[in-house]
Amino acid sequence: QEDVNPTELLRELKPDFVVHGNDWVQGAQSHIRQWVIDVLAEWGGELVEVPYTKGLSGLGQQNMVRQTGGTPEWRLASLRRLIQAKDMVRIIEVHNGLCGLIAESAAVDLNGERREFDGMWESSLTDSTSKGKPDTSAVDVTSRTSTIDQILEVTHKPMIVDADNGGLTEHFCFNVRTLERLGVSAVIIEDKVGPKRNSLFGQDAGQQQDTIEEFSYKISQGKKAQVTPHFMIFARVESLILGQGQEDALTRAIAYVEAGADGIMIHSKEKTPDEILEFTKNFRAYSKEIPIAVVPSTYASVYEKELIAAGINVVIYANHLLRAAFPAMKKTAENILQNERCLEAAENCMSIKEILTLIPESV
């Protein structure tokens, strides 16, 4: 089955029975279930639903991968499977191997439900900032690739990479191959041209959008360059950031999908999610299957359940680990200077023993 919609294959095979776990009765796959029911009715086929395996969790699969060793191919394909299977894929920013371990292991139990992150976002902003450089593409591709490889070496969850505008089309094609070979699941590129400036500066930074034709060409060439069917290219639409309005955002998103984009990331710097939700409603009238990703950095009050209800598939917490680390480190440094010793600072620090046992000594 090469497509999430199985109806064409079912009509070709005309099976008497389709067997599937009952985990798709509700949630992200419920519409696929209805497709199956409707097409089976054409020749009297029957859907048999088996109770979903109890006790099988993301943590259990993660531990299994740790024991057996996950390959780049296994990791690369995992994001697409998660998007198809879950109501919401939850991603958090990482900028080094230690962050990767935090993203991998962070979990809470809420009303009997284990909640954890599904994957990692290797951010251009936080990668640059962690190296003491501005978010202007000052960190070159080789350095970015090295950081990505270091994170992937000690983690197992899928990774999405922030590639700014992707650079020259010819270079983007090579970078797609590189990321795919490392085991990265997806790359997100934004439809802007000129010197890199963070999107949250909006029109104040003199940023300009690429033409629809040129950016669509970049997407199509990137898709041609990839080797596996699993790697995903998301097109990041900057129309709302740059004040171009909903119609422009929708026109561009549809054009980018038709050029081959596997998903759309819609960005906003507003304090409320209203324009994101409006875009999603408009885009869902065009396609109910194409994944939509959002980054609620400025409209932080929105709940994940609101995003799910709107039809959003991926939420990226794009810079929070770095933003949390900086004030903690700064406070500790000032505490030592103020007290002329490190005793007072210790209460806000992990113990040395915890540091030594945080990272396993063997694979």
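## Helix 13 and its cover

Helix 13 (residues 320-339) has its buried residues covered by elements that include strand 3 (89-94), helix 5 (97-105) and helix 6. Contact here means heavy atoms within 4.5 Å. Helices (DSSP runs of H or I, at least four residues) and strands (E, at least two) are numbered from the N terminus. This is a predicted model: local features need pLDDT of at least 70, side-chain atom pairs count only at pLDDT 80 or more, and totals for chains, interfaces and linings use all residues. Residues are numbered from 1 along each chain as its sequence is written, and side-chain values use heavy atoms, with hydrogens and water left out.

The buried residues of helix 13 are Leu321, Leu322 and Asn335. They fall within an arc of 160 degrees seen down the axis, so they line one face of the helix. The arc is that of the directions from the helix axis to the C-beta atoms. Buried means under 20% relative accessible area, exposed over 50%, and partly exposed in between (1.4 Å probe, protein chains only). On the face turned away from the buried side sit the exposed residues Phe326, Lys331, Leu337 and Gln338.

Helix 13 has 20 residues and reaches 29 Å from first to last C-alpha, close to the 28 Å expected at 1.5 Å a residue. The expected span is 1.5 Å times one less than the number of residues. Just after the helix, Glu340 takes a positive phi of about 60 degrees.

## Helix 11

Helix 11 (residues 274-286) has 13 residues, which should span 18 Å at 1.5 Å a residue; its end C-alpha atoms are 19 Å apart, which agrees. Its buried residues are Glu275, Ile276, Phe279, Thr280, Phe283 and Arg284. These cover an arc of only 165 degrees around the axis, which puts them on the same side of helix 11.

The cover over this buried side includes helix 10 (245-258), strand 12 (263-266), strand 13 (292-294) and helix 12 (304-310). The face turned away carries the exposed residues Asp274, Lys281 and Ala285.

## Helix 9 against helix 10

Helix 10 also packs with helix 9 (residues 212-225), at an angle of about 35 degrees and with axes 9 Å apart. Axes are lines fitted to C-alpha atoms, for helices over the stretch in contact; angles run from 0 to 180 degrees between N-to-C directions. Ile212, Phe215, Ser216 and Ile219 in helix 9 meet Thr251, Arg252, Ala255 and Tyr256 in helix 10. By class, the contact has five nonpolar, two polar and one charged residues. Ala, Val, Leu, Ile, Met, Phe, Trp, Tyr, Cys and Pro count as nonpolar, Asp, Glu, Lys and Arg as charged, and the others, Gly among them, as polar.

## Helix 2

Helix 2 (residues 30-40) buries Ile32, Arg33, Val36, Val39 and Leu40. They fall within an arc of 135 degrees, so they line one face of the helix. They pack against helix 1 (7-13), strand 1 (17-21) and strand 2 (46-50).

## Loop residues

Lys14 lies in the loop between helix 1 and strand 1. Its phi is near 45 degrees, a positive value in a residue other than glycine. Lys14 is partly exposed, at 48% relative accessible area. Asn111 lies between strand 4 (107-110) and strand 5 (113-116). Asn111 has a positive phi of about 55 degrees although it is not a glycine, and counts as exposed at 81%.

Ser137 sits in the loop between helix 6 (124-130) and helix 7 (141-153). Ser137 is partly exposed, at 41% relative accessibility. It touches Asp164 and Lys196, not counting residues up to four places away in sequence.
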